[in-house]
Structure formats: C-alpha cells, structure tokens
Amino acid sequence: MVVNTLKHRIVHTAQRYLVNPVGRKLPVTMLETMGRTSGQPRHTAVGGRLVDNAFWLVSEHGTQSDYVKNIKANPAVRVRLNGRWRTGTAHLLPDDDATARLAQLPALNSAVVRVMGSDLLTIRIDLD
C-alpha cells in the first residue's frame, strides 16, 4: 500500500506539472471535467480509443484520480479528439477488467498506464 501511495504521489505530481500543461498546448486527447469543488473546467491529457460512439480509457489511479472524483460528482464531460471537442457522459466501470481493456487501447499509452498505474479503472464516455 505504501508503494502504491508513493507511486501515486510521484505520478500525480509529474502529470499535474508536466504532462497536463504540455498536453493542453499539443493536439493530444484531452478530457474536460468540471471541478467538484470549484465548478471550473479541468483538463487532463488522456489516452484511449474511440469505438463507435464511445471513448474508452483506463485511469491509472482509479477512484484516487482527481478527474475520476470529478466524474463521480458530475459525469457530464467533454473529450478533445483530433482537435475537436465532443460532449458526453462518463461511466465508471469497476467490474470491467481494466488490464484486458488496456490490450484494446493504444499500445504506448497502455504500457505507460500499466507501469505507472496503482489502481486501474475502466471509464467509458458515451459521446453525444
């Protein structure tokens, strides 16, 4: 548990101060949630795959991820795919096999999630 907590703190800090600020400026996939306390939009760089009209991703830190906490408070989200924002509703899927799901998502991102993750959680976003 201590290792997962330390891993989470290190990864969270790197994402907050390096990955997300860079991701906001680059044409990468971004997830927009509404801050559960502030009510302000929050942007997080994510990896996943569009399948039909749903975007699938796996959270590295499950319910400990800030964006997952935001989704629990308000599942209405937006996803920036190929430079275009799309609205949708996020669904947390704790019964889905997140490790198996990663095999269906982009390989590089999935490898990083496997290494950095401490509590994997599948999320499906049904796009409008």
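This is a predicted model: local features need pLDDT of at least 70, side-chain atom pairs count only at pLDDT 80 or more; totals for chains, interfaces and linings use all residues.

Residues are numbered from 1 along each chain as its sequence is written, and side-chain values use heavy atoms, leaving out hydrogens and water.

**Stop 1: the core.** Select Leu31, Ile123 and Ile125: of the 15 residues in the largest nonpolar core, these touch the most other members. (Such a core is a set of buried Ala, Val, Leu, Ile, Met, Phe, Trp, Tyr and Cys residues joined through side-chain atoms within 4.5 Å; buried means under 20% relative accessible area, exposed over 50%, partly exposed in between, with a 1.4 Å probe and protein chains only.) Now color β4 (54-59), α2 (66-73), β5 (76-81) and β7 (121-127), each of which supplies at least two residues of this core. Helices (H or I, at least four residues) and strands (E, at least two) are DSSP runs, numbered from the N terminus.

**Stop 2: helix α2.** Show Tyr67, Val68, Asn70 and Ile71, the buried residues of α2. Look down the helix axis: these buried residues fall within an arc of 155 degrees (taken from the directions from the axis to the C-beta atoms), so they line one face of α2. Turn to the face away from the buried side to find the exposed Lys72 and Ala73.

**Stop 3: helix α4.** Finish with Met116, which sits in α4 (residues 107-116). Met116 is partly exposed, at 35% relative accessible area.
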